[in-house]
Amino acid sequence: MAKRKMKFVCQECGYESAKWLGKCPGCNSWNTLVEEVEASHSNNRHTLSSGLKTVSKPEKITAIESEKEPRITTSMQEFNRVLGGGIVPGSLMLIGGDPGIGKSTLLLQVSSQLAEKQLPVLYISGEESTRQTKLRADRLGVTSDLLYVLAETNMVDIATQIEEIKPSFVVIDSIQTIFREEVSSAPGSVSQVRECTGQLMKIAKTNGIPICIVGHVTKEGAIAGPRLLEHMVDAVLYFEGERHHMYRILRGVKNRFGSTHEMGIFEMKEKGLREVMNPSEIFLEERSQGAAGSTVVASMEGTRPVLVEIQALISPSSFGNPRRMATGIDNNRVPLLMAVLEKRVGLMLQNQDAYIKVAGGVKLDEPAIDLAIAVSIASSFRNQATLPEDIFIGEVGLTGEIRRVSRIDQRVQEAAKLGFKRVICPKKNLDGWEVPKNIQVIGVDTVQEALEVGL
Ligand code: TYD
Ligand code: MG
């Protein structure tokens, strides 16, 4: 018998080392190297049962049919959009999210919708028994005959079943529970996850079956264990939201077949997840009108403009070091915009605490939200409210200039649709598009000008 080779593998990034190290040279995390037995890479490494073994040959690129592969669409527009128009046959997707956020619910609903379209679906649960899955299915009102459920964690058996049923869509819930016998480490370890994902990838590609993997998220917010999982798959989606809020956001962070940064919004109801088609309305629902420190911005989330409220609270600091805190936007932006307001507008902010919050639990990372943040800060500082029908769009530069943003027409349209009366936006954005009738667009060149108009 060949000698079993031992190695140390970082459980965060997959770095391999022959000896134990306290600090991983790959990702600099401490105490993450764990001893594992190297998988026996004998010649039948990825040979499953016969049907899935194919030998690929190089082809001329001109000879390959550029199939206009029709994507498989679900009845949930929000889900389709995040994937770039639907599920691509043969793709491997990963959905990450905190436990209890609704990943299993979402995928069971998607599976059931596909099954109702006469596409056989195999839902493999390594976490719940078939009976538990059935309970959930009853709650969601799943009735289709073409939805198969399997409670299994052994990768070889899973592969056999996929081959037997030949489904049009497979769900693996979750990758951290699946294992291959020849890999000695525990399910969920880097080696197991890598080997199993590799095999699933092979099954997806050779058979053209789209497979969706569920991955749990660690406290730090990364998909548990291996970052490398994200590199292996075609698309990575995150399902997030506050557990105590009803709203859930599905966000694409990687997509080989479409744009990322698309966002789908769902609401968790008694009978499962329901899509939210008009996100701006829900994000503005709880806005307190006429309060100082609140502004609304139209931010592009993928291809769709979403109106969101930005709140600021500026209050005198009681300690030497004023605090600057932000939720929903990049923390570094707040001091930067405050410095601009101080230097270019003359607001004395250096001895003030600043708290910035994007209402509704959304995360914004577009430069076009700068102006709204700056106006919120000034509004709270001066204790002077902006008009509730105003909306602020624009990137702020370090000299206090307002810079052009993308897709201004779509943003203004969305604002007009929701009854806003004035848009304060970059002057350089004013040309080349048609302003909707019921809204006024005011172009500004500097933060100072914007404050004169808006406050
Ligand atoms: P679940 O899909 O099990 O989460 P995950 O797979 O991400 O761990 O979601 C569980 C939560 O969703 C649980 O707190 C109950 C809630 N829920 C509803 O509110 N309505 C429903 O119809 C279902 C099925 C679950
Ligand atoms: Mg689950």
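Let's start with ligand 1: 15 residues surround it, and the closest are Gly-102, Lys-103, Ser-104, Thr-105 and Gly-272. Two elements give two or more residues each to that shell, namely helix 2 (103-116) and helix 3 (130-140). Keep in mind that this is a predicted model.

**Around the ligand**
- If you sort the shell around ligand 1 by residue type, you get 4 nonpolar, 6 polar and 5 charged residues.

**The chain as a whole**
- The protein chain has 455 residues, and 42% of them are buried.
- Picture a box of roughly 80 × 55 × 50 Å along the principal axes: that's what the C-alpha atoms of the protein chain fill.
- Take the contacts in the protein chain with a separation of 6 or more: 66% of them come from residues 24 or more positions apart.

**Where two helices cross**
- Helix 8 (residues 333-345) and helix 9 (residues 370-382) have axes that come within 10 Å and cross at roughly 65°.
- Angles of 65 to 115 degrees count as roughly perpendicular, so that's the label for helix 8 against helix 9.
- On the helix 8 side, the contact is made by Arg-333, Leu-337, Met-338, Val-340 and Leu-341.
- Helix 9 brings Asp-370, Ile-373, Ala-374, Ile-377 and Ala-378 to that contact.
- What kinds of residues make up the contact of helix 8 with helix 9? There are 8 nonpolar and 2 charged ones, with no polar residues.

Conventions:
Residues are numbered from 1 along each chain as its sequence is written. Chains are lettered from A and ligands numbered from 1 in the order in which they are written. This is a predicted model: local features need pLDDT of at least 70, side-chain atom pairs count only at pLDDT 80 or more; totals for chains, interfaces and linings use all residues. A residue is buried if 20 or more other C-beta atoms lie within 10 Å of its own, exposed if 12 or fewer, and partly exposed in between; C-beta atoms are placed from the backbone. Two residues are in contact if their C-beta atoms, placed from the backbone, lie within 7 Å. A residue is near a molecule or strand if its C-beta atom, placed from the backbone, lies within 6 Å of it. Helices (H or I, at least four residues) and strands (E, at least two) are DSSP runs, numbered from the N terminus. Ala, Val, Leu, Ile, Met, Phe, Trp, Tyr, Cys and Pro count as nonpolar, Asp, Glu, Lys and Arg as charged, and the others, Gly among them, as polar. Axes are lines fitted to C-alpha atoms, for helices over the stretch in contact, and angles run from 0 to 180 degrees between N-to-C directions. Angles under 35 degrees count as roughly parallel, over 145 as roughly antiparallel, 65 to 115 as roughly perpendicular and the rest as oblique.
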